[in-house]
Amino acid sequence: MNRFFKKVYQYINPSVNPDLAPAFDEWQKHIPTLWLLGKTGAGKSTIIQTLTGNSLVEIGNGFQPCTRTAHHYLYPAENPLVCFLDTRGLGEADYDPAEDIAMCSGKSHALMVVMKAEEPEQSGLLNALKQIKRSGAIKHLLVIHTAVNSIVDIQERQRAIDYNHQRVMDVWGDKTRTMAIENCNNVSTDSG
């Protein structure tokens, strides 16, 4: 049976059958795109690399930015079901995200806001969220709190997550979901 599906896939592949290229292009336009937005060093690229297994996703070192332009990562690469849009980190020196926000808002179906739990200063991210919310182009949002175990005291950790999440809810509204991640192997979710 596997040979059958392989033959069908080869037949409908636009590189084998150029007549199917327009249909393939149309299909590619409608792949759900998840836009990752956050400060430099928040873990956007790390999340994409972990979820997709794509070792070509460049990961920064601490607060040293590595994502200089927006990149699309299709998953799975050979027959994609979802696209991750990795963008520059907010808060980089001499970086005005307005142009990227306008471009990404039109190409995305949902927003994944990535925040380090230990970082209370999120004004750049909150300002970007206000712009995105005003555009009305994106309706769905997931807040991801990374590096949660860097705050050893469990109560202090929860206060930090709650504080950052509340600030996002104040901008976006109360229909957001939250997720806490330490190293992409330990994940906990909570409805926010």
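**Exercise 1.** About how many helical turns separate Glu156 and Arg159 in helix H6?

*Solution.* Keep in mind that this is a predicted model. Step one: Glu156 and Arg159 are three residues apart in helix H6, so about one helical turn lies between them. Step two: look at their side chains, which meet in a salt bridge at 2.9 Å, N to O. Step three: check the surroundings. Glu156 is partly exposed at 37% relative accessible area, and Arg159 is partly exposed too, at 48%.

**Exercise 2.** Find which parts of the chain the salt bridge between Lys39 and Glu119 links.

*Solution.* Start with the contact itself: the two side chains meet at 2.9 Å, N to O. Now place the partners. Lys39 is in the loop between strand S1 and helix H3, while Glu119 is in the loop between strand S4 and helix H5. These are distant parts of the chain, 80 residues apart. Finally, Glu119 has 12% relative accessibility, so it counts as buried.

**Exercise 3.** Work out whether Lys116 and Glu118 are buried or partly exposed.

*Solution.* The cut-off you need is that buried means under 20% relative accessible area. Lys116 has 17%, so it is buried. Glu118 has 40%, so it counts as partly exposed. Their side chains meet in a salt bridge of 4.0 Å, N to O.

Technical notes: Residues are numbered from 1 along each chain as its sequence is written. This is a predicted model: local features need pLDDT of at least 70, side-chain atom pairs count only at pLDDT 80 or more; totals for chains, interfaces and linings use all residues. Side-chain values use heavy atoms; hydrogens and water are left out. Helices (H or I, at least four residues) and strands (E, at least two) are DSSP runs, numbered from the N terminus. Buried means under 20% relative accessible area, exposed over 50%, partly exposed in between (1.4 Å probe, protein chains only).
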